[in-house]
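Subject: Structure handover

Hi,

Here is the structure I promised to pass on. My notes on the cores and the salt bridges follow below it.

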Amino acid sequence: MAQLPPGIRFITSFSRDQWYRAFIFTLTFFLYASFHLSRKPISIVKGELHKHCAASHEVELSSYREYAAQIQPVKKPSNASQCGWEPFDKNNYKQLLGALDYSFLCAYAIGMYLSGIIGERLPIRYYLTVGMLASGLFTAMFGLGYFYNIHNLWFYIMAQIANGLVQTTGWPSVVTCIGNWFGKGRRGLIMGIWNSHTSVGNILGSLIAAYWVSTCWGLSFVMPGVIIAVMGIFCFLFLIEHPKDISCSSTPSSDPEMQHLLIDSENCTASQNSSSAITGEGRHGTSAISFLGALRIPGVIEFSLCLLFAKLVSYTFLFWLPLYITNVEHLDAKRAGDLSTLFDVGGIFGGILAGLISDRLEKRASTCGMMLLLAAPTLYMFSAVSKMGLEATVVMLLISGALVNGPYALITTAVSADLGTHKSLKGNARALSTVTAIIDGTGSVGAALGPLLAGLISPSGWNNVFYMLMVADACALLFLLRLIQKELRCNADHTLFKEH
């Protein structure tokens with residue numbers, strides 16, 4: 001009998017359950033990456049919607065001539081001015097661009113609270129598919145303003161509001177799905193890797209938008225809109241909500257740490273029974289949790305408020321970093337967009353590192369607190385060092401991305417999944433979507449405030465924007481202090497118990 005080829009031996013070394021689990025991990029990764037891919041173009045196009053020109057009070061004439069020489073000459077629509085795209089070509093352009101960010105993020109924050117409650121009551125596959133198709137439509141709608149020569153501010157604001165509402169279907173759906181398929185063992189590391197879809201989506205969105213921004217910025221929105229709509233079709237065709245739907249086990253049976261992270265004093269048998277109820281039979285046998293019921297879960301309020309400020313910092317970078325680089329480094333919109341992706345590269349490593357450390361220490365709050373403590377002085381260094389040249393900016397983008405996105409990634413993934421399957425729920429699996437929506441919805445309030453404040457503060461100087469971000473980091477750490485103290489006390493008690 002001939003020996004099996006190495007490739008076949010590799011394939012057969014994994015069980016059917018493991019292949020399905022890997023497939024769902026990969027599918028949900030790219031589904032949510034497409035959400036962030038479609039959000040990124042607005043930050044890249046800002047540098048094209050408003051350009052520094054001779055009429056601007058912010059740039060000397062000689063500096064402008066040097067800057068303009070770098071910009072690729074393009075054929076402009078008839079109503080495009082020398083200072084950009086009307087109505088963003090005026091001196092109040094930062095406030096107008098901030099209004100675009102705020103309209104999207106405010107709608108997203110409000111919609112997120114409703115999305116989790118609705119998502120618990122509808123099949124995830126249908127709910128997510130409709131949201132992705134609608135998001136593709138409204139993302140492309142913003143870009144159509146270029147082709148149809150639309151210069152009405154309210155057209156762009158309404159496109160942002162509509163897109164913000166439909167994009168709330170994404171996060172509760174994918175977190176619930178991934179939580180169904182993976183147990184608690186090594187959840188921080190697994191979800192840290194999985195959550196890199198945020199940075200991957202931002203990077204791809206930046207590169208796609210930057211490719212067209214200087215020649216035809218409408219395509220910077222239309223192409224991401226097409227991509228997320230196509231991914232919505234893939235969602236409809238292939239997403240499996242729960243392992244029980246295809247007779248797979250709920251958690252990997254070989255994982256010795258599966259029941260370890262949030263179970264304080266329960267024995268192994270009780271933990272397994274609880275996990276089975278959470279991820280399996282209990283999902284159809286229990287009613288959806290109420291909003292107030294979810295708030296009573298220990299840790300939900302603290303992590304929600306922490307995420308509010310952590311996401312304020314992260315989304316300020318997401319929406320304003322390319323414009324900041326354009327102003328400080330005097331680069332064109334395309335090069336600034338490409339350079340800004342380094343912040344997201346750092347975010348990938350930060351999310352994975354946060355998950356790995358929190359799994360090893362079994363301390364989610366302490367891990368977030370440590371990274372937030374380091375992030376504040378790093379932001380100060382970034383504001384000072386970025387003016388010293390391109391090389392210093394590259395290094396600080398990577399470090400800042402890791403420290404800013406690490407806590408944000410950990411709270412929105414592993415922490416949300418932990419709290420959504422908390423032992424106090426007694427096996428009510430339908431709580432996960434609501435808990436996720438509450439935490440991310442509260443965070444989205446900060447995500448809405450951050451870019452708005454940046455738009456209001458930046459005319460007085462970019463340094464003031466960084467001071468605002470440092471204060472936000474300090475506030476995020478403040479809300480975690482009680483949980484950090486509790487984790488350290490529990491660790492001390494556990495050590496004392498072992499010594500006796």
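Which residues have the most contacts inside the largest nonpolar core? They are Trp217 and Phe317, in a core of 85 residues. Before I go on, please keep in mind that this is a predicted model, where local features need pLDDT of at least 70 and side-chain atom pairs count only at pLDDT 80 or more, while totals for chains, interfaces and linings use all residues. Residues are numbered from 1 along each chain as its sequence is written, and side-chain values use heavy atoms, with hydrogens and water left out.

**The cores**

By nonpolar core I mean a set of buried Ala, Val, Leu, Ile, Met, Phe, Trp, Tyr and Cys residues joined through side-chain atoms within 4.5 Å. Buried stands for under 20% relative accessible area, exposed for over 50%, and partly exposed for what lies in between (1.4 Å probe, protein chains only).

In the core of 85 residues, the largest share, 17 residues, comes from α15. Helices here are DSSP runs (H or I, at least four residues), numbered from the N terminus. Apart from neighbours within four places in sequence, Phe317 is in contact (heavy atoms within 4.5 Å) with Pro322, Phe343, Leu379, Phe382, Phe466 and Leu469. There is also a second, separate core of 29 residues, with Ile124, Ile228, Met231 and Leu239 among them.

**The salt bridges**

The whole structure has six salt bridges, each defined as a side-chain nitrogen of Lys or Arg within 4 Å of a carboxyl oxygen of Asp or Glu. Three of them may interest you:

- Asp101 pairs with Lys46 at 2.5 Å, N to O. Asp101 sits in helix α5 (residues 93–120) and Lys46 in helix α3 (residues 41–49), 55 residues apart. Asp101 is buried at 0% relative accessibility, and Lys46 is buried at 1%.
- Arg482 and Glu302 form a salt bridge at 2.2 Å, N to O. Because Arg482 belongs to helix α20 (residues 462–499) and Glu302 to helix α15 (residues 300–329), this pair ties together parts 180 residues apart in sequence. Arg482 is partly exposed, at 47%, whereas Glu302 is buried, at 15%.
- Asp440 meets Lys311, with the closest N and O atoms 2.7 Å apart. This pair joins helix α19 (residues 431–457), which holds Asp440, to helix α15, which holds Lys311, across 129 residues. Both Asp440 and Lys311 are buried.

Best wishes

Key:
Helix = DSSP H or I, 4+ residues; strand = E, 2+ residues; numbered from the N terminus.
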